[in-house]
Amino acid sequence: MIKRFYLLTIQSVLLLFLFPVISCKKDKETVNPGIRYGITGVEPAMAGAGDTISIYGAGFQNNVTGNTVKINGAEAKVITASANTLRVIVPGAPRNGNITVQTGSNTNTYDKVFAVITVVKDNISTDTKWTADQIYLLKGNVHMLTGSKLTIEAGTTILGDKTSRAALIIDQGATVAMNGTAASPVVFSSNQAITFRQPGDWKGIELSGDGGASPGDVIKYVRIEYAGYHQPEAPGAALRVSRATTAGNINNIQASYSAGDGYLFDSARGSSQYIDHLIAYGCAGNDFTYTNGVEGYGQFLLGIKDPVYADQLRADGLLVQSSRPVTISNLTLIGYNGLARQIVPNTTYLYGLVDDEVLNANAGRGVRIGGMANVNGVLTPASGTLRLFNSVIAAPWLAGISVDGAASWAGYENGSTGSVIRNTSVTYTLADGTNAIRTLPGSPPFRGYSFSAENITGSRKGFERIDGTTQAGAFMLHNDTARLMLLPYPTYDAPYDDYGLTNSVQYNKLTSPVFSPVSGSLLLSGADFSSAMLANTFFARNTAFRGAFGGTDWAASWSNYQPQQVSYQ
C-alpha cells in the first residue's frame with residue numbers, strides 16, 4: 001500500500017502561510033514605552049461587570065485614591081495601584097467604550113475600545129432575550145430549561161469560553177429563536193483573540209430532545225465559529241439538532257472550523273428535520289451527519305474542506321447512517337484532493353498511480369452511506385438510506401461516493417425504500433477504466449473513486465471491486481463523472497476543470513471563494529425534480545442549476561471565510 005503524505009513539510013509551510021507569525025508579548029510588557037504619562041495597554045481586552053482588569057502605562061499614582069478610572073463614562077473602582085499598573089473592577093453600567101485615567105492634572109484616554117461583556121452561565125429557566133448592543137460570553141454548559149424561550153436579535157455576538165469549553169444547550173421543551181438577517185447575522189465565535197482561535201475552542205449549540213417537535217425553533221442567518229470540542233471517540237458538532245424542525249425555520253447558517261462535525265442531525269426516535277442554505281467551512285469532522293432515526297430533508301447545502309484539518313476518525317462530506325431516508329437536493333461538497341485543489345504538486349509515478357496528494361492522512365470521502373456508527377462510545381456497523389439529487393461532489397479523496405456495509409449495498413437502488421442517486425456529478429483526477437477503484441497490481445483496492453463499495457463482504461474488507469454489479473451500472477446510468485485536476489502530473493496534461501469549478505476549489509482562494517460555476521458550466525442547468533421522492537413542498541422545484549449555487553451567491557452578504565481575522569469587541 002502506498003501512503004506517502006507531505007504531512008510535516010507542506011502542512012507546516014501552509015500553517016505558516018495561513019496564520020501570520022504572531023508575538024506572544026502582552027501589553028504589560030510595554031509598561032515603560034518611553035512616555036511620561038498615559039495608557040499603553042489593557043488586559044484582557046474584554047470582561048464582564050465585576051471582573052478585574054489591568055491597565056498598563058506610565059505616570060500613575062502609587063495609591064488607589066490618586067487615580068480615577070472611567071469606562072465609557074462610568075467610574076471603575078481601583079483596587080491596586082503602582083506607577084505602571086492599575087487593577088480595577090469593571091462597573092456594571094457601561095457598554096463598550098473607551099477607558100480614561102485621570103491622575104492629578106493628567107488625563108489620558110486609551111485609543112482602543114474596551115468591550116464590557118455579559119457573562120452567561122449555568123441554567124436559565126425564564127424567557128430571555130439577547131440584544132445586539134451587548135456581547136455575551138458563554139461559560140460552561142448553559143442550559144435553557146424546559147418551558148423557557150431564548151430570543152437572539154439580529155447582529156448579536158455570543159462568544160464561547162475556551163477554558164470552560166462552553167456550550168449553549170436548548171433543552172427538550174425549551175425554544176430558541178435566532179433572528180439574524182442577511183445584513184446583520186447572529187455570530188457565535190471563540191473568546192480567543194485574533195490569530196489565537198482554534199477549532200474546538202468551545203463545544204457549540206445543541207437543540208436537544210428525543211425527536212419531539214419544537215415548532216417555534218428558528219435559526220436563521222447565523223455563523224458558528226471554532227466550535228465542535230469533543231472527547232476522542234465521542235461526537236461533536238458546531239450545531240447538533242436532536243429533535244424535529246419545521247420547514248423554513250433552519251436556514252442560512254455557516255459552521256466554520258469546527259473540531260467535530262459541522263452539523264449533526266440525530267434523534268432517539270424518528271423525527272423530520274428540514275434544513276436549507278447551510279455552509280460547513282473547514283470543519284475537521286463530517287460536514288453533515290445524519291444518524292439514529294432522523295428523516296432528513298435538505299436543499300442548497302455546501303461543504304468545503306480546508307485540507308489541513310481532518311478528524312482522527314476521518315472526515316467525510318456527508319455521512320448518512322439514519323434508519324429513515326435522508327433526501328437532499330443541490331448539495332455541493334469540495335474535498336481534500338490536492339491535485340484537484342492545486343495544492344500538492346506530485347512527481348512520483350509508480351504503477352501509474354499517486355496516493356500522496358493530500359495534506360492530512362485522515363482525509364475522507366465525499367459521501368458515505370452506512371459505515372461504523374459511534375453508539376455510546378462503541379463503533380457499531382450501521383446502514384443508511386440516502387436519496388441524493390442534482391448535486392456535485394468535487395475533489396474527493398478516499399472516494400467520491402461510498403456505500404459502506406452489506407446492508408447499505410443491498411439497499412442501493414433496491415426499489416422505493418433503498419438509496420438512490422440521480423443527476424449528480426462527481427469529479428476525479430486519476431483512475432482506472434471504470435472510475436471505480438484505485439489499486440496496485442495484485443493488491444486489493446485501497447481507495448475508491450467516483451462510486452465505490454466498502455466492507456460489503458466483511459466488516460474489515462475495505463474498498464471492494466464492483467465491476468459489473470447492478471449498483472455500479474445504475475450509478476453510471478443516472479449520473480456523470482468528469483475531470484478536475486488543477487496541478488500537472490506525469491503523462492497527464494493539466495489543468496482539467498470540466499465543470500467550471502476552479503474559483504471555488506482552488507486552495508489559494510479558500511478565504512475568498514467564488515462558488516458560482518463559471519459561465520457556460522454544465523452545472524448551471526439540467527436540474528431535474530421529476531422524481532416522486534422530491535414531491536415534498538419543502539423543495540424549491542423550480543431550481544434550474546445543480547449543486548448548491550447557480551449564478552448568484554446566496555451567502556455573499558452574511559458569510560465570512562476569514563473568521564480568524566475578525567475582532568468581535
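Analyst: Two strands are said to pair if DSSP finds at least two bridges between them. With that in mind, we can turn to this structure, which is a predicted model.

User: Which residue in E5 is the bridge partner of Lys70?
Analyst: Strand E4 covers residues 68-71 and strand E5 covers residues 74-81, and the two pair in the antiparallel sense over three bridges. Within this pairing Val69 has Ala76 as its bridge partner in E5. For Lys70, the bridge partner in E5 is Glu75.

User: Which residue in the turn between E4 and E5 has a positive phi?
Analyst: Most residues other than glycine have a negative phi, and most peptide bonds are trans. The hairpin formed by E4 and E5 leaves two residues between the strands, and the one in the turn with a positive phi, of about 50 degrees, is Asn72.

User: Which residue in E7 does Val69 stand opposite?
Analyst: E4 is also joined to strand E7 (residues 99-103), by four bridges, and these two strands run antiparallel. In a regular strand the side chains alternate between the two faces of the sheet. In E4 the uncovered face holds Thr68 and Lys70, while the covered one holds Val69 and Ile71. Across in E7, the residue opposite Val69 is Val101.

User: Which are the edge strands of the open sheet of seven strands?
Analyst: The order of this open sheet is E1-E3-E6-E5-E4-E7-E8, with antiparallel pairing, and the twist averages 30 degrees from one strand to the next. An edge strand pairs on one side only, and this is the case for strand E1 (38-43) and strand E8 (106-109).

User: What is the omega of the cis peptide bond that joins Glu43 and Pro44?
Analyst: Pro44 lies in the loop between E1 and strand E2 (46-48). The bond that joins Glu43 to this proline is cis, with an omega of about -5 degrees.

User: Is Tyr226 buried or exposed?
Analyst: Tyr226 is found in the loop between strand E18 (218-225) and strand E19 (237-244), and although it is not a glycine, its phi is positive, at about 60 degrees. The cut-off for buried is a relative accessible area under 20%. Because the relative accessibility of Tyr226 is 3%, this residue counts as buried.

User: What is the relative accessibility of Tyr257?
Analyst: Tyr257 lies in the loop between strand E20 (250-256) and strand E21 (261-265), and it has a positive phi of about 55 degrees although it is not a glycine. Tyr257 counts as buried, because its relative accessibility is 9%.

User: Which residue's backbone nitrogen does the side chain of Asn560 reach?
Analyst: Asn560 lies in the segment after helix H4 (502-505), and it is buried, with a relative accessible area of 19%. Beyond its neighbours within four places in sequence, Asn560 is in contact with Arg223, Gln254, Ser256 and Val566. At 2.8 Å, its side chain reaches the backbone nitrogen of Gln562.

User: How many residues does the largest nonpolar core have?
Analyst: The residues with the most contacts inside this core are Trp130, Phe188, Ile224 and Leu318. Apart from it lies another core, of 34 residues, including Phe545 and Tyr561. The number of residues in the largest nonpolar core is 64.

User: How many contacts beyond four places in sequence does the model have for residues 347-355?
Analyst: The mean pLDDT of the chain is 87, and 86% of its residues reach 70 or more. Over residues 347-355, however, pLDDT stays under 50, and the number of such contacts in the model is 29.

Key. Residues numbered from 1 in each chain as written. Predicted model: local features only at pLDDT ≥ 70, side-chain atom pairs only at ≥ 80, totals over all residues. Heavy atoms only, no water. Buried < 20%, exposed > 50% of the residue type's maximum accessible area, 1.4 Å probe, protein only. Polar contact = N/O pair within 3.5 Å; in protein donor to acceptor, adjacent residues only side chain to side chain. Contact = heavy atoms within 4.5 Å. pLDDT = per-residue confidence, 0-100. Core = buried A, V, L, I, M, F, W, Y, C linked by side-chain atoms within 4.5 Å. Axes fitted to C-alpha atoms, helices over the stretch in contact; angles between N-to-C directions.
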